[in-house]
Amino acid sequence: MTLRTSRSKYLICMAVIALGLTAAYPPVAASQETRSEADLSCSSTDGTLPCPPEAAKKEIAQTQDQQAAAGIPEAQGQTNPSSPSSQQQDKNSAILFLPVKTSQRLSFSDKFTIYTHQTFGPPAIILPAFAAGMGMANPKNHYPREWKDGAGAFGRNYGDSIATVTSERTARFLTGVALHEDPRYVRSNSTNPLVRTMHALAFTFIDRTDSGRNTIAFSNFAGAAAGGFVGRAYLPRGFNDLTHAEQRMTIGFANIAFQNIAAEFQPQWGPIVRKLRIEKILPEWWVPHHEK
C-alpha cells in the first residue's frame with residue numbers, strides 16, 4: 001500500500017508541475033514576444049510604440065545613395081540571419097537533432113520527415129551503441145550475467161537502447177499529430193542564461209500547437225511513458241517492474257530537457273562546433289535536413 005501511494009504521489013506531482021507551468025508560461029512568453037511585436041509595429045501607422053527617428057532613416061538612405069553613386073555594388077555573399085539558408089544551417093547542426101521553430105507551419109508530411117530522421121537516421125542507429133557500451137562498462141547491481149558480459153550482452157543492451165528511443169519518438173510523433181502539437185523547439189528571446197535555462201526546462205512540459213498556442217506537452221508525457229514502460233516486455237526479472245519503468249520514464253523526461261537546453265544555447269556552442277570542422281568529418285548523410 002505504501003509503494004502504491006508513493007507512485008501515485010509521483011504521478012500527481014508531475015501533473016501539478018505541468019498544470020502550474022501551463023498557467024505561468026503564457027505571461028512569460030508574452031513578455032518575451034513584446035520586443036518582436038514592437039519591431040513589427042514600427043511599420044504600422046498607429047504610432048503607439050516608438051520607432052527609429054526619421055533622421056536615422058534619412059541617414060541610411062543617403063548612405064545607400066552615396067554607395068550607388070560611387071559604383072559600389074551591394075555585397076552578394078552576405079546572408080540575412082533570418083534567411084532560410086542560415087536557419088537550415090542552425091537546425092541541421094551535426095550534433096543538434098531537435099529542429100527549431102520557424103514561421104513555417106508544418107504539414108503531416110513535414111512532421112513525418114522529422115520523425116523518420118530522428119528515429120531511423122544514422123545517429124539513431126549508431127549512438128545507442130555507445131549507450132550499450134557504457135551500460136556494460138558500468139552494469140547495474142545484481143544485473144544478470146547475460147546482460148553485462150559478452151557479445152550477447154552487448155546485443156541485448158543495444159536492442160534495449162533502440163527499443164527505448166524508437167518507442168519514445170513514435171509515441172511523441174503519434175500524440176503530436178493527434179493533438180496538433182508542433183514538434184519544434186521555440187527559443188527564448190531573453191539574453192539572461194538563467195531565464196533561458198528555465199524556459200528550456202518549462203518547454204519540457206509546455207509546447208506549442210500548430211496554431212502557435214501554448215499547451216501541455218502531452219507528446220512528451222506519452223513519449224517518456226512509452227520509453228519507460230517498453231522495457232517491461234523484455235528486461236530481466238527484477239528490472240521490469242513498475243518502479244524501474246517509472247525511473248526510466250524520469251530519465252526520458254531528463255533527456256527531453258537536455259535536448260531543449262542544447263537547442264536553446266545552440267547559437268553559443270554552434271560556432272565552436274563549426275570551428276572543429278565536424279561537418280567536414282561526418283558524412284553528409286549523417287546530418288538530417290528537416291525542411292525543404
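## Exercises on a predicted chain

Of the 292 residues in the protein chain, 34% are buried (under 20% relative accessible area, with a 1.4 Å probe and protein chains only). The model is predicted: local features need pLDDT of at least 70, side-chain atom pairs count only at pLDDT 80 or more, and totals for chains, interfaces and linings use all residues. Residues are numbered from 1 along each chain as its sequence is written, and side-chain values use heavy atoms, with hydrogens and water left out.

**Exercise 1.** State how many helices and strands the protein chain has, and give their pattern.

*Solution.* Take helices as DSSP runs of H or I with at least four residues, and strands as runs of E with at least two, numbered from the N terminus. The protein chain then has eleven helices and two strands. Along the sequence the pattern reads α-α-α-α-α-α-α-β-β-α-α-α-α.

**Exercise 2.** Find what the side chain of Arg187 meets.

*Solution.* Start with the place: Arg187 sits in the loop between α6 (151-178) and α7 (193-202). Next, take the backbone. The C-alpha atoms of Arg187 and Glu264 are separated by 5.5 Å, although these residues are 77 residues apart along the chain. Now the side chain. A polar atom of the Arg187 side chain lies 2.7 Å from the backbone oxygen of Ala263.

**Exercise 3.** Describe how α9 meets α10.

*Solution.* Two packed helices are described by the angle between their axes and the distance between the axes. The axes of α9 (residues 242-264) and α10 (residues 266-275) come within 6 Å and cross at roughly 75°. The helices α9 and α10 are therefore roughly perpendicular (65 to 115 degrees). Ala262, Ala263 and Glu264 of α9 make the contact (heavy atoms within 4.5 Å) with Gln266, Pro267, Gln268 and Trp269 of α10. By class, the residues of this contact are four nonpolar, two polar and one charged.

**Exercise 4.** Decide whether Thr215 is buried or exposed, and list its contacts.

*Solution.* Thr215 lies in strand β2 (residues 214-216). Its relative accessible area is 17%, so Thr215 is buried. Leave aside neighbours within four places in sequence. Thr215 is then in contact with Glu181, Phe205, Ile206, Asp207, Arg208 and Thr209.

Methods. Polar contact = N/O pair within 3.5 Å; in protein donor to acceptor, adjacent residues only side chain to side chain. Buried < 20%, exposed > 50% of the residue type's maximum accessible area, 1.4 Å probe, protein only. Axes fitted to C-alpha atoms, helices over the stretch in contact; angles between N-to-C directions. Parallel < 35°, antiparallel > 145°, perpendicular 65-115°, else oblique. Nonpolar A, V, L, I, M, F, W, Y, C, P; charged D, E, K, R; others polar.
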